[in-house]
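Visitor: I would like to study this structure step by step. Please show the sequence and the model together.

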Amino acid sequence: MNRKIAARCLAELGNLTRLDIYRLLVRAGPPGLSITDIQTRLDVPASTLAFHLRGLVTAGLVAQEKNGAR
């Protein structure tokens with residue numbers, strides 16, 4: 001990992017909410033969690049969660065995928 005990427009990852013994890021989200025997802029393992037599960041477990045408003053997830057995804061720390069039928 002180069003220094004720029006490492007610095008970006010550390011910066012994202014320097015926020016307590018993003019760190020809590022990351023820790024929760026690491027504990028969940030490969031199956032991951034739905035946004036609703038994360039929101040419920042951490043008691044974070046949907047708009048706040050979306051903002052923090054976007055940062056984690058952009059830094060390459062988590063992957064996000066759509067699941068389910070419409």
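**Helices in the model**

Guide: I5 lies in helix 1; helices are DSSP runs of H or I with at least four residues, numbered from the N terminus. This is a predicted model, in which local features need pLDDT of at least 70, side-chain atom pairs count only at pLDDT 80 or more, and totals for chains, interfaces and linings use all residues. Residues are numbered from 1 along each chain as its sequence is written, and side-chain values use heavy atoms, with hydrogens and water left out.

Visitor: Is I5 buried, partly exposed or exposed?

Guide: Buried means under 20% relative accessible area, exposed over 50%, and partly exposed in between (1.4 Å probe, protein chains only). The relative accessible area of I5 is 42%, so I5 is partly exposed.

Visitor: How far apart are the end C-alpha atoms of helix 2?

Guide: The expected span is 1.5 Å times one less than the number of residues. Helix 2 has 13 residues (16–28), so it should span 18 Å, and this agrees with the separation of its end C-alpha atoms, 18 Å.

Visitor: Which residues of helix 2 are buried, and within what arc do they fall?

Guide: The buried residues of helix 2 are R18, I21, L24 and L25. They line one face of the helix, because, seen down its axis, they fall within an arc (of the directions from the helix axis to the C-beta atoms) of 125°.

Visitor: Which residues are exposed on the other side of helix 2?

Guide: The other side of helix 2 has exposed residues. They are L16, V26 and R27.

Technical notes
Helices (H or I, at least four residues) and strands (E, at least two) are DSSP runs, numbered from the N terminus.
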